[in-house]
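Below is what I looked up, entry by entry.

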Amino acid sequence: MTTRIVELRRGILKKNDELAAGLRAGFSSAGVLVLNLVSSPGTGKTALLEWTLRELKARGARAAALVGDLETDNDARRLAASGAPVRQINTHGICHLDAEMVGKHLSDWDGVELGGLDYLFIENVGNLVCPSSYDLGEAIRVVLLSVTEGEDKPLKYPTMFNSADAAVITKMDLAVPCGFDRWAALKNINEIRPGIRIFETSVKTGAGTEEWLGYLEEQRAARS
Amino acid sequence: MHELSIIASVVDTVMESVAVYPGARVVEVRLRVGALASVVEDSLQFCFGIATEGTALEGSKLVVKTIPVVVHCVPCAEDMELDGVQSFRCPKCGEPCVDLRQGRELEIEAIEIEEADGIEKTGVTA
């Protein structure tokens with residue numbers, strides 16, 4: 001018997017990373033700004049997206065959404081009311097979206113061409129752990145945190161917050177009844193991801209939504 | 001929660017890599033896992049036991065090396081290792097650091113195999 005060490009130095013998620021790089025190149029050449037929305041279940045990704053799709057449409061922008069859930073097409077039906085093209089991805093038990101699922105659902109999406117879009121939103125499966133490992137080819141990863149979840153979420157899930165490009169605090173209309181410590185939340189986000197852009201929003205009252213929309217428009221302009 | 005899919009990918013890669021050593025038995029699989037990789041070693045070990053059953057990896061040992069986070073501090077002009085993942089500030093000057101140089105790794109570093117003597121490696125590239 002001979003013992004041998006074989007050096008591999010191989011990324012475990014190499015296949016996903018390669019697919020994501022291909023998607024990113026396609027998004028970039030089509031001129032579509034792609035955002036990956038991540039949060040715990042129930043933070044309000046769908047509610048923010050409902051408002052955003054409706055508002056972008058009203059302003060003449062072309063936006064579409066892919067929405068991930070383990071089961072049901074409830075979110076896709078909610079979002080489709082905005083008039084934007086929406087497609088559900090059911091993962092059937094898998095706790096995150098990956099680049100292959102995104103690629104597949106884009107490639108056979110009837111009537112939707114990337115070149116005809118200004119924005120594509122990918123609403124990930126509600127989970128603050130696993131989606132952080134899977135690049136979907138997005139330009140911007142947005143992490144959401146609601147005032148009902150606790151100000152220390154960024155400290156508990158540092159990987160997700162550290163890998164995000166922007167953070168949205170949702171349900172600000174509930175901040176007072178929930179005893180939300182705004183300064184602690186802002187400090188914790190900044191401790192994990194220094195200097196990140198933070199939006200404090202409520203789609204019920206409209207607070208912070210103009211700033212969020214302004215950010216989307218600015219990011220799109222910066223990339224086109 | 002996604003440790004099983006990660007381990008499944010590890011098993012596939014290792015199987016492909018040992019295919020060029022006919023009759024070889026895998027003794028050890030060494031991973032490098034960054035402190036920010038969002039995977040739990042206990043869970044990796046548990047899944048590894050299940051996923052390797054009936055394969056050339058059955059009975060092999062999974063060794064997980066944790067890679068600490070390293071950030072680049074602009075004022076100090078130096079790469080700094082962080083103690084944990086609760087604060088992304090330079091441990092020397094306290095400045096917030098956004099430039100991550102290490103800590104997200106999720107890779108197979110190497111495998112250790114036992115080969116029966118007298119069998120030559122086939123011509124396929126690993």
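Predicted model: local features only at pLDDT ≥ 70, side-chain atom pairs only at ≥ 80, totals over all residues.

**Entry 1: a strand in chain A**

I started with strand 3 (residues 63-69) of chain A, where seven of the seven residues are buried, so the strand is largely enclosed by the rest of the structure.

Next I checked which way the residues of strand 3 of chain A point. A:Ala63, A:Ala65, A:Val67 and A:Asp69 point one way. A:Ala64, A:Leu66 and A:Gly68 point the other way, and the residues on both sides are all buried.

**Entry 2: who pairs with that strand**

Which strands pair with strand 3 of chain A, and in what sense? I found strand 5 (residues 119-123) of chain A, pairing with strand 3 in the parallel sense over five bridges. For one bridge I wrote down the residues: A:Ala64 has A:Leu120 of strand 5 as its partner.

Strand 4 (residues 86-90) of chain A also pairs with strand 3 in the parallel sense, over five bridges. Here I noted A:Gly68, whose bridge partner in strand 4 is A:Ile89. I then followed the chain from strand 3 of chain A: it passes through helix 3 (residues 74-80) to reach strand 4, and this β-α-β crossover is right-handed.

**Entry 3: a helix in chain B**

Over to chain B, where I picked helix 2 (residues 41-51) and found B:Leu44, B:Cys47 and B:Phe48 buried.

What do the buried residues of helix 2 of chain B pack against? I got three elements of chain B: helix 1 (3-18), strand 1 (25-34) and strand 2 (61-67). On the face turned away from the buried side, helix 2 of chain B carries B:Asp42 and B:Phe46, which are exposed.

**Entry 4: cysteines**

How many disulfides does the structure hold over all chains? I got zero. I wanted to know why, so I looked at two cysteines, using the cut-off that a disulfide needs its sulfur atoms within 2.5 Å.

For A:Cys130, the closest cysteine sulfur is that of A:Cys95, at 3.4 Å, which is too far for a bond. A:Cys130 is also buried, with a relative accessible area of 0%.

For B:Cys97, the closest cysteine sulfur belongs to B:Cys73 and lies 4.6 Å away, again too far for a bond. I have B:Cys97 down as buried too, at 4% relative accessibility.

How values were computed:
Residues numbered from 1 in each chain as written. Chains lettered and ligands numbered in written order. Heavy atoms only, no water. Buried < 20%, exposed > 50% of the residue type's maximum accessible area, 1.4 Å probe, protein only. Helix = DSSP H or I, 4+ residues; strand = E, 2+ residues; numbered from the N terminus. Pairing = 2+ DSSP bridges. Right-handed = clockwise from strand over helix to strand, strands pointing away. Contact = heavy atoms within 4.5 Å.
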